[in-house]
Amino acid sequence: MVPQHSPANSTWRRIQTAWGLPDLSGKGRFVTANLIDSLGNGLVMAFTVVFFVKTTSLSLVAVGAALTVGQLLALPVPPLIGPLLDKYGPRTVVAVGNWVSVAGFIGFLFSHASWQIVLWQFVVQLGSTAFWMGNSPLIVLVARGDERARWFGFVRALRNVGIGFGGAASAVALSIGTVAGLRAVMAINAVSFAVAGWLVITFRGADTSEAADAGPAEPKQAASERTGQPWGGYRTVLKDTRYLRLVATNLAFAFSSAVITVLLAAYVAGNLEVGSWIVGALVVLNTAMVALLQTLASRWIEARTPVTVLVLALLLNAAAFVVFGTLLVLPGWAVIAGLLIAMVLYTVAEILGSPPTSELSVVMAPEPLRGRYLGVYQMSWSVGGALAPALLTALLEGGAALPWVFLSAISVLAVPLVLGLDRRAAATSQAAPPGDVAPVEQLDGDAVG
């Protein structure tokens, strides 16, 4: 065993600090569970449509429609998971989310009709939503108070790397070509998610010396005064205008995140005089930048207020969309350079915007209703993800510049919503009456009042 202050240990710690990595000691199970989830999601995103086309008699259109319906049915799920998160804590919700996804993947293996694909896609989305709703507060439990930005950045980078490798693995799987081989890959994916759930539920490492849940939990009385409502359920959340401003801001980021998956290829192919190869190059550039720079950026982010970082991210997004839109009037030789500049701006905005929004979604939520608050926050991702494909493609059909005007406008309009979000209510520092605040989950399986 390496002594605590050995040269090897000190060297590794210096590397962690230089690269903006959090202290990973004792957190191997948590990191591995996140990596498995990211690999699995990358595999599923690139693999599922072809899997059903190869293993069923359904057409490509029928498979796509069934998967879409299953995902749409999962839109109302976050508010239902919120109370479970409040009652059972993030570790249990994350683990159960993984196991629910396992049930969905097993269901995929036995699906032959459209309604079966709809059902099991809904189950998979249910598990995925539970995982991501619980993962942010779980990160706060895992992180020391001064490393929260690093942990959020690290998990984001891990997700990008995992999705990239998962996508590559799906390409290898599809090259196998046989139905038996495709079923084997789906079965292995189900087993990996089962292992991830076990890793989370048995994970015990946490720094509980820092009020494990993101700083002082807001007392019930303080939250009631801030919202003007008695302590309650979703009514309290919907009266919390500061938190709703964060949700609205994140909706702008949710629409922005659809640029690569929905808008970029159609815009370039239909409106710019460049080869289609450039789209693949831009996606690789985005993935590589996030994987390599996300943790380094966390060192810069943690030294600044979340609001400062979010404002910068929104303005960089707006600048990127302006550049994308102006490519329509540039000469051919300048279009490729413009695409690269726009993608760099867009990716830097993505790198800067993700950690503070994730952190604020937890920190701003009073602990006794944190699950319900995160349920409302998650709806911004769900609604944005559902509306973006239809809205952005409709705008593109109406005029090549329109989607970029829309995206830049909502990014700029979100800036006033962000201002002041990281200022805590004065009442937060008041002590709550004994017994008023719900237990805070710790990762040693106990709870503290």
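Is Arg-150 buried or exposed in this structure? Before I answer, please keep in mind that this is a predicted model, in which local features need pLDDT of at least 70, side-chain atom pairs count only at pLDDT 80 or more, and totals for chains, interfaces and linings use all residues. Residues are numbered from 1 along each chain as its sequence is written, and side-chain values use heavy atoms, with hydrogens and water left out.

Now to Arg-150, which at 8% relative accessibility counts as buried, where buried means under 20% relative accessible area, exposed over 50%, and partly exposed in between, with a 1.4 Å probe and protein chains only. Its partner in a salt bridge is Glu-302, at 2.9 Å from N to O, and Glu-302, at 32% relative accessibility, counts as partly exposed. A salt bridge here is a side-chain nitrogen of Lys or Arg within 4 Å of a carboxyl oxygen of Asp or Glu, and the structure holds two of them. The other pair is Asp-86 with Arg-372, whose closest N and O atoms are 2.6 Å apart.

Let me turn to confidence. The chain averages a pLDDT of 80, and 80% of the residues score at least 70, pLDDT being the predictor's confidence in each residue, from 0 to 100. Over residues 206–230 the pLDDT stays under 50, and the model has 58 contacts there beyond four places in sequence, a contact meaning heavy atoms within 4.5 Å. Residues 425–449 are also below 50, with 46 contacts beyond near neighbours in sequence. Where pLDDT is low, the predicted coordinates should not be read in detail.
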